[in-house]
Amino acid sequence: MPRAAKVPGASVAAAVFYGALAALVLLGVRDMLFLYEENRCGMTYMFEYPEYLKIKLPRKISRRYPAYELYLYGEGSYAEENRNLVLTGIPVLFLPGNAGSYKQVRSLGSIALRKAEDIDFKYHFDVFSINFSEELVALYGGSLQKQTKFVHECIKIILKLYKGQEHVPHSVAIVGHSMGGLVARALLTLKNFKVELLNVLVTQATPHVAPVMPLDQYLTDFYTAVNHNWVLKAHEIRNLTTLSVAGGFRDYQVRSGLAFLPRSSQQSSALSVVSTAVPRVWASTDHLSIVWCKELILATIRAFFDLIDEKTKQITADPQKRELVLNHHFLRHPAKLFEEKPEAVIEFKGAFIWIQVKTSKWSYTAYNESDGKYFTFPLSSHRKSYSHVYCQNSMLDTSSWIFGCINRKSAMCLQGVDLTWKVELLPTVKAVSLKLQDYPSLTHLVLHVPAVNGNKFTLDCEFFNEVSRTVQLPVTHLFSFGLSASKILLNATGLTHNVQLQHFGQIYQAFKINVESKCPSLKERRPSVYRLHIPWSHEDFLTQSQVPSSTEISAKLHIAQPENDTTLPVLNIFSSSDCQYEVTIKTSFLQVLGQVMRFHGGILPVYIISNVLLAYGRQLSLISTDFVPALTKAAKPYKVEPIVNIVKFLLGINCVKGIWDMFLPELDAVTLNSEDKWFPFVSLILFMFGTGIAYWGGILFNSSLRLLSSLWLALARPSGLLIDNRLITQRRLCVAVSIAAVSWTTCGALALLITYFHYIFKVIKLHSSVRTELSVLNTSPKNSEQVSDSSKKETGKTHGSVASISEVAQSSSSTTAINEVVDSLKMHVTVINLLTWTVLLTCPSLIYWLKNLR
């Protein structure tokens, strides 16, 4: 038996080549699982012990769903007051996700309770949570429909609790984590569900587009039904306000691209955003921390309180207001408290000092201001020379501070418009950039400095031409491997710069952007803010950096650029006016590998198995070939790629696709292409990656088999090589019947696992017997030769020993039999290699079965 550790039949060059491919896969997995930003979320804490009051369900519901429960969250006196379920608040229902606990509601419930205490319970939320028994619905989709029906029953039960109250709610707001968000959307698939029962839906890290891993038909069919009804009933759900929050690159379980809601022209109130772009959050969250991230939960609760209608004391029925509130808290925060209809014109009253500023660049530091001041900037003179004005304020309060004058008397402005609503909140400042051409009726720009004691803050303004502050920087080619770089020096000094990144719009692109700031003096400065703005999706990334310094930013996408979109990603720089910047961009090959694994890693096992099958086919044609050399000869991309492309083309024909869908699941390549994730060379790359993993997996498996057979030889000496050519024996029939019985009565994955280990045990025994026979056979020729020589001396040249002839014939017969067994063993090893991947793919079903075993 050949030794696998020596890699017979395979050249060193092949081993190095396939080893390099396997290493690239590991590097991509490492980038996806470990190389991301640190957790910048604050932890939420309960000030009182959390309590979960179990809601008694009707007997009919309890019998139908014995494993599910409904709870009301509470703390301290609030929990005591609500033990009798006399509820007067606004109902919110939390749905946990895959393997999620109903107790994950505590962050949401506790912060909502603290916020209600701050306003003396003028309004408050009653936060409910459902216990799904921590079912693994991401591994098996058979329970999703049952969960959906139970949620519908719970909504009706919750609303019944408010009967007889002064302000009776007629709908429920839902917050769903992970698969819980998908279950909430699945309510639309129920025939008797009324859309009016749901007003606001917030999902956290929910894979809306497709399952992370399409492990069974129940799961894929559920997704198809949910997304089909979402589009089909777009007109009916036009008043439903939906928000989907993705976690960013820290969430490697659900990539953010899957969390973006499908949108239609009739359903415009569906908002999808990555947590890195949410104002006052600006942080990536992993799949679990998105439930307790303090900054994100605060933004959610603030939005809920702003959604309340003062008249009904419930969430407003106006979908436009709901959309405005969510945009205010999750897209662009002006550093002001939300107002549905702010004053169109304001009057400047009070005794303030008015100071006129005529320079194009201006900075003012306020400290212990005893009197309020107004600084006015005449716009008529600046309109001729400049296109824009940019102002920033380091005092991060919620008061209005920048205005446009429309009625002026002498040095004072009498009336104006509040431009603070155009402001954007950043981590260190609140800033606004105005195009002067858009405000022809304004005579002056007015900045307000209030009377403050003990607070030091700075206001900066500058007039500039947009052309001078906007530069274009082409990104490096994908196959430059980081060896070349694009560089640009921003010579103009100013408070803001925009670097447009050309040819950057595909998900397989990944870059390292280095921003080096150069400042003439070492005076105290605020940290610079760098923002990578993606115009076609809400996935901006912000980072802060001290100046002068060198800062590295990772640039990669969650959503590819739409086909008809011509906008460019922009690197916005917000900093001091006297600093210069040098921006360098180069391809990050490791992050490119991470993107390939993030978007396509789920279908890599398909390519590994296809390589194993190709090797198995070659072994069938050349029986005496080992797996590794057979793989190196048979693993040719042209044997797979044309078939994939032909099937992709045929599935573009409706009649062919209809026939395919009747019998087979959708092709992975077609699914990815419809989501703009498939690019021309990814199938070839995945095939080569699969070859590398199959190659070294085969070597590792052969080495493991030899180690196990050595262990078996140490424990039990084989009696001999038993050859039985019968296909069916009584023992094999009993084993087959037993396995079938296990599969029928328990779980098919369990039966497959038992078969797998039984098969491995048989092959290990066979491997041990072959090694024993080969060791015996290696000594027999020497003995035969000694007997032959002695007989020749005794009987002469023409006569042979009868005994020696008999021994040689017997030795030749044994060698032939052993060679046949060795060839059969090689096939068995390949079959086990193939079966190993099959068992791994069925493990989720087995885990689900074991989890629900009672």
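**Entry 1. The disulfide of Cys 391 and Cys 461**

I looked up the S-S bond of Cys 391 and Cys 461 and found a torsion of about 110°, so this disulfide is right-handed. The pair links distant parts of the chain, with Cys 391 in strand 15 (residues 388-393) and Cys 461 in strand 21 (residues 456-464), 70 residues apart. I note that the model is a predicted one. The two sulfur atoms of Cys 391 and Cys 461 lie 1.9 Å apart. I then checked burial, and both Cys 391 and Cys 461 are buried.

**Entry 2. The other disulfides**

How many disulfides does a search of the whole structure find? I get four disulfides. I numbered the bonded cysteines of the protein chain in sequence order and read the pairing as 1-2, 3-6, 4-5, 7-8.

I went next to Cys 405 and Cys 413, which are joined by a disulfide with an S to S distance of 2.1 Å. Cys 405 has a relative accessible area of 0%, and so I list it as buried. Cys 413 counts as buried because its relative accessibility is 1%, and the cut-off for buried is under 20%.

I also looked up Cys 519 and Cys 579, a disulfide with its sulfur atoms 2.0 Å apart. The link of Cys 519 and Cys 579 is right-handed, with 105° about the S-S bond. This pair links distant parts of the chain, 60 residues apart. I found Cys 519 in the loop between strand 25 (510-518) and strand 26 (528-533), and Cys 579 in the loop between strand 29 (570-574) and strand 30 (580-587). Cys 519 has a relative accessible area of 16%, so it is buried. Cys 579 is buried too, with a relative accessible area of 0%.

**Entry 3. Two further cysteines**

Is Cys 655 buried or exposed? I noted a relative accessibility of 52% for Cys 655, so it counts as exposed; the cut-off for exposed is over 50%. Cys 154, with a relative accessible area of 1%, is buried.

**Entry 4. Thr 285**

I located Thr 285 in the loop between strand 8 (270-274) and helix 8 (289-292). Its relative accessible area is 0%, so Thr 285 is buried. Which residues is Thr 285 in contact with, leaving aside its neighbours within four places in sequence? I listed Cys 41, Gly 247, Arg 250, Asp 251, Ser 275, Ile 290 and Cys 293.

**Entry 5. Helix 9**

I traced helix 9 over residues 294-306, which makes 13 residues. From its first C-alpha to its last, helix 9 reaches 18 Å, close to the 18 Å expected at 1.5 Å a residue. I then listed buried residues in helix 9, and among them are Leu 296, Ile 297, Thr 300, Ile 301 and Phe 304.

**Entry 6. Cavities**

I searched the whole structure for cavities of 30 Å³ or more and got five. The second largest cavity holds about 50 Å³ of space. What lines the second largest cavity? I wrote down Leu 379, Arg 383, Val 389, Leu 419, Leu 434, Leu 436, Tyr 439, Leu 442 and Leu 445. By class, I recorded eight nonpolar, no polar and one charged residues in this lining.

Note on methods:
Residues are numbered from 1 along each chain as its sequence is written. This is a predicted model: local features need pLDDT of at least 70, side-chain atom pairs count only at pLDDT 80 or more; totals for chains, interfaces and linings use all residues. Side-chain values use heavy atoms; hydrogens and water are left out. Helices (H or I, at least four residues) and strands (E, at least two) are DSSP runs, numbered from the N terminus. The expected span of a helix is 1.5 Å times one less than its number of residues. Buried means under 20% relative accessible area, exposed over 50%, partly exposed in between (1.4 Å probe, protein chains only). On a 1 Å grid over the protein atoms alone, a cavity is a set of points where a 1.4 Å probe fits but cannot get out, and a pocket is an open set with protein on both sides within 12 Å along at least five of seven lines; lining residues have an atom within 4 Å of a point. Grid points are joined across faces, edges and corners, and a volume is the space filled by probe spheres set on the points. Ala, Val, Leu, Ile, Met, Phe, Trp, Tyr, Cys and Pro count as nonpolar, Asp, Glu, Lys and Arg as charged, and the others, Gly among them, as polar. A disulfide is a pair of cysteine sulfur atoms within 2.5 Å. Contact means heavy atoms within 4.5 Å.
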